[in-house]
Amino acid sequence: MRTIMFALLAVAVACSAGKKIIGGYDCPPNSQPWQVYLTSNGQPWCGGSLINERWVVSAAHCKIASRLTVHLGEHNVYDEEGTEQRIGAEKVIPHPKYNDYTSDNDFMLIKLKEPAIFNEYVNNKIILCFYLHYVTSMFFIFLFFPDGNPSVLQCLKLPVLSKEQCVRAYGSQKTENMFCAGFMKGGKDSCQGDSGGPVVCNGELRGVVSWGKGCAEQGYPGVYVEVCRYTAWTKNIIANN
């Protein structure tokens, strides 16, 4: 993976605050109402996507034993805007085949302690990917934390790269559960702190921020979890929890 970084890791490890999405722009306020961010004991941790009123999708390398809080309806993390909901995690369920060395199956579900209240600022107006189909561009939505970087939600549009390009960059580290997106010349990418955030295409949740070598480096695009491969597992977990 990327030289062990946290949001985009060479070998995914726990994410942390630090550099964030590179080459993005401020999302219109509350334009991504499914976007969440996670804190651990009050400290910025990872991103995620609200898929129904009780469940969030994130990356398995964001799992942590300490107290995890899900923040919804945020736009500017410096300001109390009156749109926020903060709900503790009742259950954190990483995929059972997640490999913290290879970052394969870097997929996780979080159950909220109480249902989110849907409104214009918080809802799940995205569709969980149901079947594999190749696309050529996606919107990546990431939340930046206040550490000298942008404090408002950032958007970035990137092209999906071919399997061949991804394999040329990462060799056998790339599995069928991953895809690459970005520019081989570098310059635009997700980075530390963006882990677990959503990759959305035409209103469909297609990916989760996982790992990569460095951030926006030439020849090393970002690597993302292929959400379509986890739909059946997700539905089963939700039905039984």
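This report looks at one helix and at the cysteines of the structure above.

Keep in mind as you read that the model is predicted.

Let's begin with helix 1, which covers residues 163-170. Three of its residues, Cys166, Ala169 and Tyr170, are buried. Why do they sit on the same side of helix 1? Because they cover an arc of only 75 degrees around the axis, they share one side of the helix. Turn to the other side of helix 1 and you will find Glu164 and Arg168, which are exposed.

What do the buried residues of helix 1 pack against? Their partners are strand 11 (178-181), strand 13 (204-211) and strand 14 (222-226).

**The disulfides**

Now for the cysteines. A disulfide is counted here when two cysteine sulfur atoms lie within 2.5 Å, and by this rule there are 4 disulfides.

| Pair | S to S distance | Angle about the S-S bond | Handedness |
|---|---|---|---|
| Cys46 and Cys62 | 2.1 Å | -90 degrees | left-handed |
| Cys129 and Cys228 | 1.7 Å | 65 degrees | right-handed |
| Cys166 and Cys180 | 1.9 Å | 55 degrees | right-handed |

Where does each link attach? For the disulfide of Cys166 and Cys180, Cys166 belongs to helix 1 and Cys180 to strand 11, so this pair ties together parts that are 14 residues apart in sequence. Both ends, Cys166 and Cys180, are buried.

Next comes the disulfide of Cys46 and Cys62. Cys46 lies in strand 3 (residues 43-52), while Cys62 is in the loop between strand 4 (55-58) and strand 5 (68-72), so the two tie together parts 16 residues apart in sequence. Cys46 and Cys62 are both buried.

Then there is the disulfide of Cys129 and Cys228. Cys129 is found in the loop between strand 8 (127-128) and strand 9 (137-142), and Cys228 in the loop between strand 14 and helix 2 (231-239), so this pair ties together parts 99 residues apart in sequence. Cys129 is buried, with a relative accessible area of 0%. Cys228 counts as buried too, at 9% relative accessibility.

Cys201 is buried, with a relative accessible area of 9%.

Notes. Residues numbered from 1 in each chain as written. Predicted model: local features only at pLDDT ≥ 70, side-chain atom pairs only at ≥ 80, totals over all residues. Heavy atoms only, no water. Buried < 20%, exposed > 50% of the residue type's maximum accessible area, 1.4 Å probe, protein only. Helix = DSSP H or I, 4+ residues; strand = E, 2+ residues; numbered from the N terminus. Arc of directions from axis to C-beta. Contact = heavy atoms within 4.5 Å.
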